[in-house]
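Open your viewer and keep the selection tool at hand.

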Amino acid sequence: MPSQLLELYLPKAAEIQEVIEENSQIKTFVLAFVDPEYNDGFSYEPGQFLMVSVPHCGEAPISISSTPVNRGTVHLSVRRAGKLTEAMHDMHKGDVLALRGPYGRPFPMASLVGRDLLFVAGGIGLAPLRSVINTCLATGHERSITILYGSRTPSDIAFKADLQAWGQRDNVSCQLTVDRAEPGWDGAVGLVTALLGHCTLAPHETKALLCGPPMMIRAVLGQLADRGFADQDIITTMERHMKCAVGICRHCHMDDKLVCKDGPVFTLEELKQLNVMELQG
Ligand SMILES: Cc1cc2nc3c(=O)[nH]c(=O)nc-3n(C[C@H](O)[C@H](O)[C@H](O)COP(=O)(O)OP(=O)(O)OC[C@H]3O[C@@H](n4cnc5c(N)ncnc54)[C@H](O)[C@@H]3O)c2cc1C
């Protein structure tokens with residue numbers, strides 16, 4: 001194999017600095033590359049992902065959930081799903097895993113400047129949006145930011161510390177909903193689309209960013225279109241199983257587009273050119 005191609009697949013060792021337990025299924029790993037020079041030079045943009053590997057457990061794409069404004073560490077928020085993510089959940093501070101990347105087309109951050117922002121997320125879907133939200137806040141976004149976040153139950157609400165910090169900002173409104181209440185929960189119960197129904201939005205002045213399970217995406221896309229949002233103002237991320245992450249294996253194709261290189265971030269305008277299940281009723 002030519003050395004340039006080999007380099008593409010060569011992961012770098014990264015040490016876990018801290019593990020934040022977001023809920024029983026999601027942990028945020030704060031990581032720093034073991035090579036200090038590489039760590040200092042490492043940069044990424046909100047919406048990009050890393051390929052994470054643990055020996056004998058395979059490799060999987062995980063979105064970067066931290067903001068590039070805070071250099072020195074990178075956050076990966078990981079939901080238990082299978083072999084690799086289970087292995088990660090058993091790891092602790094000081095353990096080492098392997099990362100390659102960053103990969104993928106990021107969110108179009110420049111286009112968010114001067115616009116109201118609507119973030120709609122379900123479950124682990126808040127991970128890539130957390131990177132965008134914290135970047136906007138760190139760079140002085142002055143227009144209004146509305147965050148709608150849906151979880152299965154109150155115990156499943158992840159990123160509680162972030163939600164609390166965001167809610168304290170003058171220009172940020174954070175609204176939570178759960179599918180199923182538990183004793184002590186006096187917040188909203190129902191789908192995130194119900195929260196959206198109660199929001200006052202100016203579609204021509206707002207960019208909407210969504211990330212969550214396909215059913216949520218489908219419902220929110222429909223509602224935003226009904227509210228008069230233009231297709232290019234609705235931005236979402238697509239998830240497909242992938243192997244190489246660099247556009248070679250084509251495992252993650254959606255028609256002639258690849259989630260790893262053309263995405264994972266797409267506008268609704270772009271998705272409408274493709275045959276994707278998330279848009280099918
Ligand atoms: C761009 C991108 C960003 C992502 N970001 C995050 C993130 O920030 N946090 C996070 O927790 N997850 C994220 N994911 C999802 C994560 O990569 C997957 O859940 C991954 O499969 C976990 O690996 P695993 O080995 O733990 O589980 P796996 O063993 O891969 O199993 C996970 C689930 O996928 C099913 N599955 C396995 N292989 C296939 C296949 N070939 N086709 C269909 N189904 C299959 C399994 O049955 C199981 O239900 C992201 C995915 C993409 C594409």
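The tour below visits the ligand, the cores and a few backbone details.

Before you click, note that this is a predicted model, in which local features need pLDDT of at least 70, side-chain atom pairs count only at pLDDT 80 or more, and totals for chains, interfaces and linings use all residues. Residues are numbered from 1 along each chain as its sequence is written, and side-chain values use heavy atoms, with hydrogens and water left out.

**Stop 1: the ligand**

The shell has 19 residues, and Pro61, Ser77, Arg79, Thr85 and His241 come nearest. Colour the shell by type and you will find 10 nonpolar, five polar and four charged residues; here Ala, Val, Leu, Ile, Met, Phe, Trp, Tyr, Cys and Pro count as nonpolar, Asp, Glu, Lys and Arg as charged, and the others, Gly among them, as polar.

Helices (H or I, at least four residues) and strands (E, at least two) are DSSP runs, numbered from the N terminus.

A backbone N or O atom of Ser77 sits 2.9 Å from a ligand nitrogen. For ligand oxygen atoms, pick a backbone N or O atom of Arg79 at 2.7 Å and one of Leu84 at 3.0 Å. The protein buries 64% of the 960 Å² that the ligand exposes when taken alone (Shrake-Rupley areas, 1.4 Å probe; for residues, only the protein chains shown count as cover).

**Stop 2: the nonpolar cores**

A nonpolar core is a set of buried Ala, Val, Leu, Ile, Met, Phe, Trp, Tyr and Cys residues joined through side-chain atoms within 4.5 Å. Buried means under 20% relative accessible area, exposed over 50%, and partly exposed in between (1.4 Å probe, protein chains only).

Select Phe119, Leu126 and Leu129, which have the most contacts inside the largest core, a set of 28 residues. Among the elements that each supply at least two of its residues are β7 (116-122), β8 (145-151) and α5 (160-167), while the largest share, seven residues, comes from α4. Centre on Leu129: leaving aside neighbours within four places in sequence, its contacts (heavy atoms within 4.5 Å) include Phe107, Phe119 and Leu209. A second, separate core of 23 residues includes Leu50, Val54, Leu84 and Ala87.

Next, pick Thr146 in strand β8. Thr146 counts as buried because its relative accessibility is 12%, and Leu117, Phe119 and Gln175 are among its contacts beyond four places in sequence.

**Stop 3: backbone details**

Most residues other than glycine have a negative phi, and most peptide bonds are trans. Go to the bond from Gly101 to Pro102, which is cis with omega near 10°; Pro102 is in strand β6. The bond from Gly263 to Pro264 is also cis, with omega near 10°, and Pro264 is in the loop between β14 and β15.

Where do you find positive phi? His56 has phi near 70° and lies in the loop between β3 and β4; Phe159 has phi near 55° and sits in the loop between β8 and α5. His56 is exposed, at 76% relative accessible area, whereas Phe159 is buried, at 0%.

Technical notes. Near = heavy atom within 4 Å. Polar contact = N/O pair within 3.5 Å; in protein donor to acceptor, adjacent residues only side chain to side chain.
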